[in-house]
Amino acid sequence: MDTAIVLFTRDLRVHDHPALSAACERGGRVVPLFVLDPEVPAGHRTGFLLDCLADLRESLRSRHGDLLVRRGDVVAETMRLAREVEADAIYASADVSELGRSRERRLAGERVDVRLFPGLTVVPPGALTPSGGGDHYRVFTPYWRAWSRSRRRAVLPAPARVPVPSGLVAGDLPDHSSHPALEGGESAARARMNRWMTRGLDGYADGHDDLAGDRTSRLSPYLRFGCVSPLELADHAEAGADEEHTFVRQLCWRDFFHQVAWAFPRINRDDYRPGSRRWRDDAHAVSAWKEGMTGVPIVDAGMRQLLAEGWMHNRARMIVADYLVNHLGVDWRAGAAHFFDLLLDGDVANNSGNWQWMAGTGNSTRPGRVLNPVRQARRFDPGAAYIRRYVPELAGLPAIDAREPWRLSKEVPGYPAPLTPVE
Ligand SMILES: Cc1cc2nc3c(=O)[nH]c(=O)nc-3n(C[C@H](O)[C@H](O)[C@H](O)COP(=O)(O)OP(=O)(O)OC[C@H]3O[C@@H](n4cnc5c(N)ncnc54)[C@H](O)[C@@H]3O)c2cc1C
């Protein structure tokens with residue numbers, strides 16, 4: 001009988017999973033697999049990833065299936081299992097990162113039929129190309145126009161039955177503790193998505209930049225691990241009122257950076273748009289930035305949110321990134337690496353794409369633009385509630401002093417003077 005391995009990577013769900021659905025529809029046996037590769041440690045994301053795998057295993061078991069877990073090199077372990085179960089095909093979701101694509105190339109070199117499916121983004125990278133030529137869009141607005149008009153595939157239901165052959169060793173999942181701030185997995189993702197659609201989306205257009213209001217979906221870690229389908233999310237949001245398009249536009253940003261990373265796989269290492277900019281080497285400034293001790297409260301609040309929660313509000317990400325590259329003059333790669341280590345949603349396309357945007361080496365059409373952190377704080381944290389939440393040294397001060405403590409006649413105990421002149 002035909003047997004297909006479904007290799008899960010960063011698509012840890014059963015709903016709207018084209019590779020899993022196609023394997024189940026083929027009529028043969030299906031072997032869902034995840035390989036924990038010690039060479040690709042998940043760092044701070046480990047607890048979240050293991051939650052996702054435990055949840056996926058439960059979902060597959062409730063559909064008469066299972067998730068096989070192996071440890072080692074993904075390609076070697078997949079091929080070892082392929083020989084064991086006599087698989088004739090490997091089904092997987094297509095990826096964009098250098099690592100993901102080298103895995104796909106290595107698999108394609110093996111004696112097995114490898115089939116790649118969409119699912120990582122709403123619109124697959126490379127599906128839309130500019131009329132003027134090129135394999136991807138370099139500028140967001142025309143991409144957004146083309147993306148909004150494009151025809152999409154239909155969202156797929158979860159398969160009712162996943163026919164896994166009997167007698168296979170499932171393999172243990174390591175013991176773990178969940179991430180303290182957010183439980184991983186498709187069940188938690190779908191619950192959050194449903195809550196967001198009914199209660200959160202309303203007001204997103206006006207509230208998404210309000211730092212203290214925390215009015216964004218926090219779905220990014222779930223999108224990062226594919227616990228929720230971006231296509232299903234976009235379809236849901238578009239079915240609602242006008243203002244929901246602000247949210248859909250954010251999903252388009254995600255697709256935009258994924259098609260850039262697909263076309264420019266060195267996005268996390270090389271400048272997308274090489275320039276002549278020279279970066280400063282300043283270990284002291286970088287460690288103050290990482291610790292949230294720059295003396296600029298809005299920057300420190302963002303960096304401390306990252307340390308405490310493994311997540312940071314988008315507006316704060318823009319402010320702290322701009323501060324590092326444009327005020328401290330430090331190479332964007334140092335900031336991107338720190339974000340990538342700590343963010344639950346850390347992924348190559350979105351992280352490096354946004355960092356390069358802020359550094360003026362990426363897809364921005366106004367590369368020389370610099371943000372003023374004081375004005376940003378006045379506008380997006382007027383009551384200083386965000387600053388007070390994450391910087392306890394400033395919690396007892398009136399809003400203006402918490403935002404701009406250098407105005408006070410005395411130093412705030414335990415809080416540094418600004419690293420660079422502000423205003
Ligand atoms: C310097 C910097 C680094 C970033 N690094 C990452 C990263 O590693 N991983 C990541 O997922 N996002 C990254 N972002 C984008 C954005 O900050 C997060 O996606 C967003 O804050 C996640 O919160 P949310 O799910 O509540 O977003 P919402 O506002 O609810 O938006 C919904 C979804 O849209 C997508 N989205 C929103 N804004 C962006 C954006 N600017 N670029 C791409 N996709 C977006 C995300 O998938 C997000 O989950 C970065 C932004 C900056 C400025």
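A polar contact of 3.0 Å joins the side chains of Thr420 and Tyr323; a polar contact is a pair of N or O atoms within 3.5 Å, where within protein one atom must be able to donate a hydrogen and the other to accept it, and residues adjacent in sequence count only if both atoms are side-chain atoms. The model is predicted, so local features need pLDDT of at least 70 and side-chain atom pairs count only at pLDDT 80 or more, while totals for chains, interfaces and linings use all residues. Residues are numbered from 1 along each chain as its sequence is written, and side-chain values use heavy atoms, with hydrogens and water left out.

Thr420 is found in the segment after α18 (399-403); helices (H or I, at least four residues) and strands (E, at least two) are DSSP runs numbered from the N terminus. With a relative accessibility of 15%, Thr420 counts as buried, a class that covers values under 20% relative accessible area, whereas exposed means over 50% and partly exposed lies in between (1.4 Å probe, protein chains only). Not counting residues up to four places away in sequence, Thr420 touches Tyr323, His327 and Leu328, where contact means heavy atoms within 4.5 Å.

The protein chain is divided into domain 1 (3-119), domain 2 (186-263) and domain 3 (283-411), with bounds that come from an automatic or database domain assignment. The C-alpha centres of domain 1 and domain 2 lie 25 Å apart. To the contact between them, domain 1 brings 16 residues and domain 2 brings 19 residues. The area buried between domain 1 and domain 2 is about 1,600 Å², and carbon and sulfur atoms give 53% of this area. Buried area here is the accessible area (1.4 Å probe) that two parts lose on being put together, summed over both. Of the area that domain 1 buries against domain 2, 36% is supplied by Arg10, Phe48 and Val96, more than by any other three residues.

Between domain 1 and domain 2 there are 0 salt bridges, a salt bridge being a side-chain nitrogen of Lys or Arg within 4 Å of a carboxyl oxygen of Asp or Glu. The count of residue pairs in polar contact between domain 1 and domain 2 is 11, with both residues at pLDDT 80 or more. On the side of domain 1 that touches domain 2, helix α2 (residues 46-61) gives the most, with 5 residues. By class, this side of domain 1 has 6 nonpolar, 3 polar and 7 charged residues. Ala, Val, Leu, Ile, Met, Phe, Trp, Tyr, Cys and Pro count as nonpolar, Asp, Glu, Lys and Arg as charged, and the others, Gly among them, as polar.

In helix α6 (residues 186-200), the buried residues include Glu186, Arg190, Arg192, Trp196 and Gly200. The buried residues of α6 pack against α2, α7 (204-207), α8 (220-224), α9 (230-238) and α10 (245-263). Helix α10 contains Val248, which is buried, with a relative accessible area of 0%. Leaving aside neighbours within four places in sequence, Val248 is in contact with Trp144, Trp147, Ala234, Ala237 and Glu238. The C-alpha atoms of Val248 and Ser148 are separated by 9.3 Å, although the two residues are 100 residues apart along the chain.

A search of the whole structure finds 26 salt bridges. In one of these, the closest N and O atoms of Arg26 and Asp88 are 3.1 Å apart. Arg26 lies in the loop between α1 (18-25) and β2 (29-36) and Asp88 in the loop between α3 (74-85) and β4 (89-93), so this pair ties together parts that are 62 residues apart in sequence. Arg26 is partly exposed at 28% relative accessible area, and Asp88 is partly exposed at 32%.

A salt bridge also joins the side chains of Asp66 and Arg57 (3.5 Å, N to O). Asp66 counts as buried at 14% relative accessibility, and Arg57 counts as buried at 8%. The side chains of Glu98 and Arg269 meet in a salt bridge of 2.6 Å, N to O. Glu98 lies in helix α4 (residues 98-108) and Arg269 in the loop between α10 and α11 (283-291), so the pair ties together parts that are 171 residues apart in sequence. Glu98 counts as partly exposed at 35% relative accessibility, and Arg269 is partly exposed at 41% relative accessible area.
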